[in-house]
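Open the model in your viewer and keep the selection panel at hand.

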Amino acid sequence: MAAAASASASARASRDAALGPDLAARREAALATPPPDKPENLGEDSLEAAVAAAVYFLKLYRHAFVTGDTKDFEAMSEQRCVFCNNVVSNVKKIHDSGGWADPWEQTFE
């Protein structure tokens, strides 16, 4: 187990060195992005709750691509949803290869 952890740390250090300090810093900042706050009224039967759920879903979409963390996105998705499954697959593909997405601004009207 220690050998696997050492190999993983070595591969990560090698990848980060190849990125250079600016990209490595951007990657670390992206990966440290906190998840969006879950709306208190999520699950209620109201127009406000529906709007909050839609905004939260879009924030989770962004968070997944930025951090590679798909747990909350998957929890809010239907298992049979083709779009959601593609998002999870694409996020995993990007992050498994050492990539990430820089955070982007979102506005909701």
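Keep in mind that the model is predicted.

Is Arg-62 buried or exposed? Arg-62 is buried, yet it forms no salt bridge. Now select Glu-105, the nearest side chain of opposite charge. Glu-105 is 5.8 Å away from Arg-62, and a salt bridge needs a side-chain nitrogen of Lys or Arg within 4 Å of a carboxyl oxygen of Asp or Glu.

What does Arg-62 touch? Leaving aside residues up to four places away in sequence, select Thr-33, Pro-103, Trp-104 and Gln-106.

Next, show helix α2 as residues 47-67 and helix α4 as residues 82-96. Their axes come within 8 Å. They cross at roughly 25 degrees. Angles under 35 degrees count as roughly parallel, so α2 and α4 are roughly parallel to each other.

Stay with this pair and show the side chains. On the α2 side, pick Phe-57, Tyr-61, Ala-64, Phe-65, Val-66 and Thr-67. On the α4 side, they meet Phe-83, Cys-84, Val-87, Asn-90, Val-91, Ile-94 and His-95. Colour this contact by residue class: 10 are nonpolar, three are polar and none is charged.

Finally, zoom out to the protein chain. How many helices and strands does it have? There are four helices and zero strands, running α-α-α-α from the N terminus on. Colour by burial: 29% of the 109 residues count as buried. Then draw the contacts between residues at least 6 apart in sequence; 57% of them join residues at least 24 apart.

Notes. Residues are numbered from 1 along each chain as its sequence is written. This is a predicted model: local features need pLDDT of at least 70, side-chain atom pairs count only at pLDDT 80 or more; totals for chains, interfaces and linings use all residues. Side-chain values use heavy atoms; hydrogens and water are left out. Axes are lines fitted to C-alpha atoms, for helices over the stretch in contact, and angles run from 0 to 180 degrees between N-to-C directions. Helices (H or I, at least four residues) and strands (E, at least two) are DSSP runs, numbered from the N terminus. Angles under 35 degrees count as roughly parallel, over 145 as roughly antiparallel, 65 to 115 as roughly perpendicular and the rest as oblique. Contact means heavy atoms within 4.5 Å. Ala, Val, Leu, Ile, Met, Phe, Trp, Tyr, Cys and Pro count as nonpolar, Asp, Glu, Lys and Arg as charged, and the others, Gly among them, as polar. Buried means under 20% relative accessible area, exposed over 50%, partly exposed in between (1.4 Å probe, protein chains only). Lys and Arg count as positive and Asp and Glu as negative; His and the chain ends are not counted.
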